[in-house]
Amino acid sequence: MTELVAPVPVVSPTRAKTSLMRRLVRNPVGLTALFFLALVALVAVFGPLLAPADPNAASLQTILLAPGEQGYVLGADSAGRDVLSRLLSATQISIGAALVAVVVALALGVTGGLLAGYYGKWFDSVSSWLTGLIMALPGIVVLLAARAVLGPSVWLSMAIFGVLMSPAFFRLVYASVTAVRNELYVDAARVSGLRDGRIIARHILSVVRAPVIIQAAMITGIAIAIQSGLEFLGLGDLSVPTWGGMLSDGFTKIYNAPVLMLWPSLAIGLTCISLTLLANALRDALERSSSTRKRRRAGKVNGAPAERAAVVGHADDVRAAKGEVLLSVRDLHVGYDQPDGSLTQVVHGIDLDIRKGEVHGLIGESGSGKTQTAFSVLGLLPSGGRVTKGTIDFGGLQLADAGENVYRKVRGKRIAYVPQEPMSNLDGAFTIGSQLVEPMRVVLGLSKQAATERALALLARVGLPDPKKTFASYPHEISGGQAQRVLIAGAVSCDPELLIADEPTTALDVTVQAEVLDLLRDLQAEFGMAMLLVTHNFGVVADLCDRVSVMQSGLIVESGPVRSIFNHAEHPYTQSLLDAILEDGEPRGALAPRKEVSA
Amino acid sequence: MSESLLDIRDLEVTYPIKGFGKQPFRALKGVSLDIKPGETVGLVGESGSGKTTLGRAVLGLAPVTGGSIRYREQEIGHLHRRQRRALSSEIQVVFQDPYSSLNPSLTIEQILSEPLTARGVDGKAARARVRELLGQVNLPADTADRLPREFSGGQRQRIAIARALALDPKLIVCDEPVSALDLSTQARVLDLFIEIQERTGVAYLFISHDLAVVRHISHRVAVMYHGEIVEYGDGDQVTARPEHPYTQRLFMAAPVPDPDRQEQRRADRRRLMDEQAAADEQAGAGLGAA
């Protein structure tokens, strides 16, 4: 029975690297920032060559010349030096010094973060302690002290600033590495016999690369700002032209020639802004945060089948409940709006009837649309999802296009819900008791005391050994099975007519699953409620359900009483699912003696 | 019968718990198990039973604090990283989660050739081997240039199997390899495991919470409960006529996919639970009297 032809995926191969650059360029802000920074980089490299005059050549004749006079394009400063030449030369020094800071910070922070995050142990403790110390140091004070001791070198002060900024990289890399170190693919690489260096280079650096680049852009901006600040205060080396130094010079002549301040201010401001904007654009490109959701009615519909095949229906048997129909779904279509305005359909028109007091199983594999169907009845489709066609009739109420005010009368009062992941459906910040009592007070209008009494009674009813203790516990203090019992208690607290359970036992151990199934069966009989049970497990269906609908790719392909489906499945898909069940399979038996395959 | 490939004796694994004065957590409390060449030993247990820890200890990913793990007469419980790397062509792994076990930013070829190039196989030979491996797990050859996110869970698990096979190992630790898969995919992947075993003679330590899956693939089955093996024997016997009370409970708890037989199973389970509760009470009373 090895039918092993894997379907070839339709997605065309795309490479992450190329598309990142393309996404960045498509963002107008990113493109502008990138363009400006490229310009600055060019000036930094070729600036001194382009400069029309020596940036340090002073002259008494040209003091404070206005822009354009005597061939001085941007004028001359308080010592008669050519402003354009100074600006061009200063770019090289200011950018170069900022890069020194970033490279030092990168070298220390990234290496330290990688080693501490990957190997841990003593290096982790020591380096965490060191970063804490560096972060606690007042940066400006350290830089001033260094200047006093080491002299006014812009390169040295920026190198020290790099050390001061290294914790920013360290913490970032450390956090990413500790997160990725426990990924299974890193374990797999270790089992594959890769050296640590190779694992770090291949699997870990690729994860930290993007955030490090973003952080580097930010830090460069900060380094330029700090460096200019120091120069502006007159703490820089006066013999080299820098942006901060020019700003300082212009500031002293602000009443005579205010335009002198304009050029360095523009250079500093625009460069810093561009770096920040570039970092933001990079982050957006990496997170692919496209938030354009315009609903276009005439949008294209993806994923809809050409036509609906007929549903294989089975006649009711004696055991099938013959009650009044409580929930009637007709021709239900569910779709998701895509950012480009089209619609991806996931449920392509299904009919479903649930009678009073009946347990209806909705079975299918992942992606078959069974959970989407359940959520559309609850009106809880994730954002972008909506019922595009069809009706949902619940005891005379129309739910398909109902607003919140209609649902408010139904959800938690007449329809209850039990989720798949019990733990993520309880809020860790509140006690179990308060999470049970609050909805009862709001929805059922009970007093606090009455709600508490009812909650305790329900906790006892769902089989929790010590209801008072559970009532006062926080979610992390109870097990998954107990959490599911708590959620079931909450669901039946309103005596619902319909309980929708989405894979209620999938996250639980087998022995706990058996107990929870027993509980659901007992409660269903006791409250006489109808149940829509979404599951992929035929055992669970056999245990609880009266009727079953089998879903495949957004359609119900077969529906009928549970015995009829198990014993006389007619649709090929249902038959293939039943064939895939291993429960009744033969055991493999003992190992047959065999010849050694290889020596 | 041939001698053991892997021989685990009284294995203990203890995880230190962070925080002063906290008791360390004993995940394995003296576990013994052996695997013969070409054999599948199934390891069944519920969450927290220590079955995954046992697999990780064999792979050198868990701290062994007592007992021994012998692979072909060689002690492998406390190997150095370098010695451990040498074992990579002998013992391999397929993990549960096919989504996090493949690096999302590498192509399938890069993923599969990784263990090969680490052993010094040159690029051309590695590429040829990757094609061969993809053929072995029934994936088309153009799979090589794609990224993991383009594949479904079942296909990813085939890729993970191909990676495990790359170095021709003698033992593969399979940690819940089909639990995240759909029913029909699960059956096909299990058949692939069996087919590969029959062709290459590789042995499996097959970890799962699902008794039916383990019965389908295992020659022998061990049942774990609270860090200990409570029952160990032929797959046939352990999964159909269990003797230990816990295995009996586990067996009875799994619902049968047939409404009428499940009704019977439910009644049997209730009876078993009552019997065991009564037996526990008697034992407790006996202890109290003594």
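Modeller: The account below takes up one chain, by itself and then against its partner.

The model is a predicted one, in which local features need pLDDT of at least 70 and side-chain atom pairs count only at pLDDT 80 or more, while totals for chains, interfaces and linings use all residues. Residues are numbered from 1 along each chain as its sequence is written, chains are lettered from A and ligands numbered from 1 in the order in which they are written, and side-chain values use heavy atoms, with hydrogens and water left out.

Chain B contains 10 helices and 10 strands, taken as DSSP runs numbered from the N terminus (H or I of at least four residues for helices, E of at least two for strands). Its radius of gyration is 21 Å, close to the 19 Å that the globule rule gives for 290 residues, so chain B is as compact as a globular protein of that length; the radius is taken over C-alpha atoms, and the rule is 2.2 Å times the number of residues to the power 0.38. The C-alpha trace of chain B spans about 75 × 50 × 45 Å along its principal axes.

An automatic or database domain assignment gives chain B domain 1 (1-90 + 169-241), domain 2 (102-164) and domain 3 (255-290). The C-alpha centres of domain 1 and domain 2 of chain B are 25 Å apart, and 16 residues of domain 1 of chain B are in contact with 10 residues of domain 2 of chain B, contact meaning heavy atoms within 4.5 Å. These two domains of chain B bury about 960 Å² between them, 61% of it on carbon and sulfur atoms, where buried area is the accessible area (1.4 Å probe) lost on putting two parts together, summed over both. Across this interface of chain B there are 0 salt bridges (a side-chain nitrogen of Lys or Arg within 4 Å of a carboxyl oxygen of Asp or Glu). On the side of domain 1 of chain B that touches domain 2 of chain B, helix 2 and helix 6 of chain B each supply at least two residues, and helix 6 of chain B gives the most, with 8 residues. By class, that side of domain 1 of chain B has 9 nonpolar, 3 polar and 4 charged residues, with Ala, Val, Leu, Ile, Met, Phe, Trp, Tyr, Cys and Pro counted as nonpolar, Asp, Glu, Lys and Arg as charged, and the others, Gly among them, as polar.

Turning to the partner, 88 residues of chain B are in contact with 71 residues of chain A. The area buried between chain B and chain A is about 7,000 Å², 54% of it from carbon and sulfur atoms, and R85(B), L183(B) and P257(B) supply 10% of the area that chain B buries there, more than any other three residues. Between chain B and chain A there are 8 salt bridges; in one salt bridge the side chains of D260(B) and R563(A) meet, at 2.7 Å from N to O. Several elements of chain B give two or more residues to the side that touches chain A, including helix 2 (81-86), strand 6 (91-94) and helix 10 (259-289), and the largest share, 12 residues, comes from helix 6 of chain B. The residues of this side of chain B divide into 31 nonpolar, 25 polar and 32 charged.
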